[in-house]
Amino acid sequence: MRFATISNRLSLITASDTVVDLARASGGWFGPNIQDAYERWDELLEFCTTVTAEGIPLSEVPATEFGNPAPHPRQLFAIGLNYAEHAAESGLAAPEEPAVFTKFATSLADPYGTITLVPGKVDWEVELVVVLGRRAHHVAAADAWRHVAGVSVGQDVSERIRQRVGPAPQFSMGKSYPGFGPIGPVLVTPDEFDNPDDLALGCLINGEQMQQGRTSDMVFPVPELIARLSAITPLLPGDVIFTGTPAGVGFGRTPQRYLAPGDELVSYVRGIGEMRHLVVAGK
């Protein structure tokens with residue numbers, strides 16, 4: 001199944017590419033806020049198998065009406081260096097333990113719109129984003145996908161100078177400016193994929209391919225991440241995990257390249273969709 005926030009309302013995108021407002025279709029049994037739906041995810045999935053309401057054609061929905069499908073998580077995890085080639089371009093070995101940090105929730109943004117530059121060196125990092133649909137605590141990797149509501153496209157936009165300011169790196173600070181965490185355009189349930197552990201992802205700037213990879217190249221695949229995170233802290237419905245970025249970021253290039261005003265950044269995961277953002281100068 002595919003879900004989205006469309007015009008700020010929880011929506012189902014059917015197999016025939018129509019959009020159904022689930023609050024209206026359920027007679028108010030479910031509210032319009034997608035974040036609330038994660039607390040009742042099993043109920044929602046069951047209800048969606050019975051939906052007969054007519055929707056509007058997906059082709060009639062402007063891209064700008066799509067919002068972040070996980071806008072208010074209680075916990076937001078992000079994983080660094082989770083692709084060996086990205087670790088190598090960073091001058092580091094692949095980690096033996098997941099490198100975990102957070103992006104503050106106020107950095108989250110919609111899948112279409114603008115990214116406003118801040119002073120420094122602003123870089124791109126396309127990622128698969130995982131949203132929890134069931135509480136997970138001490139979950140084995142073999143059972144981890146059962147706790148996932150769905151996956152989406154994310155950008156872990158990063159200001160590299162602030163990220164590395166000492167005496168200890170400040171990953172969360174450098175990656176948490178407003179607009180530095182867009183997610184979308186839809187949330188896709190894991191059963192929609194032949195293999196949810198092997199998805200193609202990448203990003204382009206002004207039509208030029210910058211990143212291209214597959215999630216099967218992760219050092220710690222999604223099930224292993226959920227197992228390791230849930231061994232320490234309970235993961236809650238609606239929580240978000242940015243799972244890491246493949247090689248091809250700006251600071252790893254020779255010469256280095258960073259986002260500039262006027263750039264169009266396109267981020268995608270095959271089978272989910274793409275996000276588009278215009279990069280604009282800060283005030």
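**Ground rules.** Numbering starts from 1 along each chain as its sequence is written, and side-chain values use heavy atoms, with hydrogens and water left out. Since I'm working with a predicted model, local features need pLDDT of at least 70 and side-chain atom pairs count only at pLDDT 80 or more, while totals for chains, interfaces and linings use all residues.

**Helix α3.** I looked up which residues of α3 (residues 41-48) are buried, and got Trp-41, Leu-44, Phe-47 and Cys-48. Buried is under 20% relative accessible area, exposed is over 50%, and partly exposed is in between (1.4 Å probe, protein chains only). Helices (H or I, at least four residues) and strands (E, at least two) are DSSP runs, numbered from the N terminus. The four residues cover an arc of only 125° around the axis, so they sit on the same side of α3; the arc is that of the directions from the helix axis to the C-beta atoms. I then checked what covers them: the list includes β1 (2-6), β2 (9-13), β12 (148-155) and β14 (181-188).

**Cores.** A nonpolar core here is a set of buried Ala, Val, Leu, Ile, Met, Phe, Trp, Tyr and Cys residues joined through side-chain atoms within 4.5 Å. The largest has 49 residues, and Leu-128, Ile-226, Leu-235, Ile-241 and Ile-272 touch the most other members. Domain 1 (2-61) and domain 2 (76-280) both give residues to this core, so it lies between them; the bounds come from an automatic or database domain assignment. Another core, of 25 residues, lies apart from it, with Trp-41, Phe-47, Ala-149 and Ile-183 among them.

**Rings.** I searched the whole structure and found six aromatic pairs. Rings of Phe, Tyr and Trp (its six-membered ring) pair if their centres lie within 6.5 Å; planes under 30 degrees apart are stacked, over 60 edge-to-face, the rest tilted. Phe-66 and Tyr-112 are edge-to-face, 6.4 Å centre to centre with 70° between the planes. Phe-66 is in strand β5 (residues 66-67) and Tyr-112 in strand β9 (residues 112-116), so the pair ties together parts 46 residues apart in sequence. Phe-66 is buried at 8% relative accessible area, whereas Tyr-112 is partly exposed at 24%. I also noted that Phe-3, Tyr-38 and Trp-41 form one aromatic cluster.

**Charge over ring.** My criterion is NZ of Lys or CZ of Arg within 6 Å of the ring centre and within 35 degrees of the ring normal. Lys-103 lies over the face of Phe-242 at 5.8 Å from the ring centre, and the charged end of Arg-270 sits over the ring of Tyr-268, 3.9 Å from its centre.

Note on methods
Contact means heavy atoms within 4.5 Å.
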